Amino acid sequence: MTVEPHQLNRHLAGAKPSATYKVMDRVAAHRASGAQVISLSAGEPDFDTPEHVREAGITAIRTGHTRYTQVAGLRPLREAIAAKFQRENGLDVRWQDTLVCSGGKQVIFNALAATLNEGDEVIVPAPYWVSYPEIVQLCGATAVTIACGADSGFKLTADALAAAITPRTRWLILNSPSNPTGAVYSRADLQALAEVLLAHPQVLVLSDDIYEHLIFDGLAYFTLAQIEPRLRERVLTMNGVSKAYAMTGWRIGFGTGPGWLIEAMEKLQGQQTSGACTISQHAALAALTGPQDFIQQSRAVFQRRRNRVVDLLNQAPGLHCQVPQGAFYAFASCEGLLGKTTAAGQRLVSDEDVVNALLDEAGVATVHGSAFGLGPYIRIAYALDDASLQRAGEAIQQFCRALSD
Ligand code: PLP
């Protein structure tokens, strides 16, 4: 058998490009042709990184902190991460059991790539963040998705988890608050899942806590390792500065978990990217150890926007949206729009049709739910100023009102 020069790794060949990036490309094409588009598709806060954090990055450059760091990260940053886990999550963490990576995404990639073999299964509750199943696929393992519908608040239940675990299950991925639904797991939700996990000692858990601080209505935040200390040796708690401190471009994520896993992830990272960007590590240190009022401020802004956006969506005939308790996403059912025809004569058969027509005819960019593993829904990211959200909401309402049977 001959090998062509362009032949790809078979796991990469089977992976899909990110649906959210695809939408961003379509938005760019629309704008390039002169169309006005309000994009509700971005997965990042619209705020600037806090001033003192930016200054810390500038100071790092000026004072010559421009060389490699240890693969696992600067010790003061790892100590600050351990202190964060203690302070905010009640986890007693040694700095040696933390790892700094180039974004939260690399924490996830490191963990899965370090542990998965062909034939292994990873349980991914759907709807899910688009990258989970693709990373599992890249590692040569199989993502086992479990549909978690509106009736369970888009959350994984203990019964559904128990039914999905097989002897091949290596990981469960949990994400609270969730991208794309904004669902938040309560203490009781996590306790119920922990009971099931205790009976299956081969299963590791990735707790993706990246939206931890974006939680509304005065709810308390809980993470699995804190709820069930008997699972501590099997849980990788992942977090980062991207969403909490509006630092998506700085690329700093971190995690803590059992020593053997952190060590394996460090080994992998040492042959891949080495330590995360030194300047960004200094900035992340300032974020974690400096004033924390930015977190309260952005939470208040997002809660206000959430209320407005959910109201606007629920006033659009054919859309229905539960009230999300976290992150900056609303996940609205568009079932009521299917089978209808748009003002421009487009028949809407799937949620992807709805998203395409909303962009073409209403100038509003969203992402279809089926890209996240559950349709027919649309995901609206409300990381945008109030006036644009209002205009987008009104354009969506007008689009829905203009549909015909
Ligand atoms: N996890 C979830 C659920 C996300 O939505 C994202 C980013 O969109 C990440 C992880 C990755 O974060 P980072 O930008 O730190 O890599």
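In the predicted model, P180 is placed in the loop between β5 and α8. The peptide bond that leads from N179 into P180 is cis, with omega near 25°. The loop between β5 (169-175) and α8 (187-198) is also the place of P177, and a cis peptide bond with omega of about -15° joins S176 to P177. Most peptide bonds are trans, and a negative phi is found for most residues other than glycine. D217 belongs to the loop between β6 (204-208) and α9 (224-227).

The domain assignment of the protein gives two domains, with domain 1 made up of residues 5-48 and 294-401 and domain 2 of residues 51-289. Their C-alpha centres are separated by 25 Å. Contact between the domains involves 36 residues of domain 1 and 36 residues of domain 2. The area buried between domain 1 and domain 2 is about 3,200 Å², and carbon and sulfur atoms account for 58% of it. Of the area that domain 1 buries against domain 2, 19% is supplied by H11, Q325 and F372, more than by any other three residues.

Polar interactions between domain 1 and domain 2 were counted as well. There are 17 residue pairs in polar contact between the two domains, with both residues at pLDDT 80 or more. On the side of domain 1 that touches domain 2, at least two residues each come from α1 (10-13), α12 (293-314), β10 (329-333) and β13 (377-381). Helix α12 provides the largest share of that side, seven residues. Sorted by class, the side of domain 1 that touches domain 2 consists of 18 nonpolar, 11 polar and seven charged residues. Three salt bridges are counted between domain 1 and domain 2.

Side chains of opposite charge can pair when their charged atoms come close. For the model, the count comes to 16 salt bridges.

The surroundings of the ligand were examined next. The ligand is surrounded by 13 residues, of which G104, D208, Y211, S242 and K243 are the closest. Y211 places a polar side-chain atom 2.8 Å from an oxygen atom of the ligand. For R251, an N or O atom in the side chain is 2.8 Å from an oxygen atom of the ligand. The backbone is represented by K105, in which a polar backbone atom is 2.9 Å from an oxygen atom of the ligand.

How values were computed
Residues are numbered from 1 along each chain as its sequence is written. This is a predicted model: local features need pLDDT of at least 70, side-chain atom pairs count only at pLDDT 80 or more; totals for chains, interfaces and linings use all residues. Side-chain values use heavy atoms; hydrogens and water are left out. Domain bounds come from an automatic or database domain assignment. Contact means heavy atoms within 4.5 Å. Buried area is the accessible area (1.4 Å probe) that two parts lose on being put together, summed over both. A salt bridge is a side-chain nitrogen of Lys or Arg within 4 Å of a carboxyl oxygen of Asp or Glu. A polar contact is a pair of N or O atoms within 3.5 Å; within protein, one must be able to donate a hydrogen and the other to accept it, and residues adjacent in sequence count only if both atoms are side-chain atoms. Helices (H or I, at least four residues) and strands (E, at least two) are DSSP runs, numbered from the N terminus. Ala, Val, Leu, Ile, Met, Phe, Trp, Tyr, Cys and Pro count as nonpolar, Asp, Glu, Lys and Arg as charged, and the others, Gly among them, as polar. A residue is near a molecule or strand if one of its heavy atoms lies within 4 Å of it.
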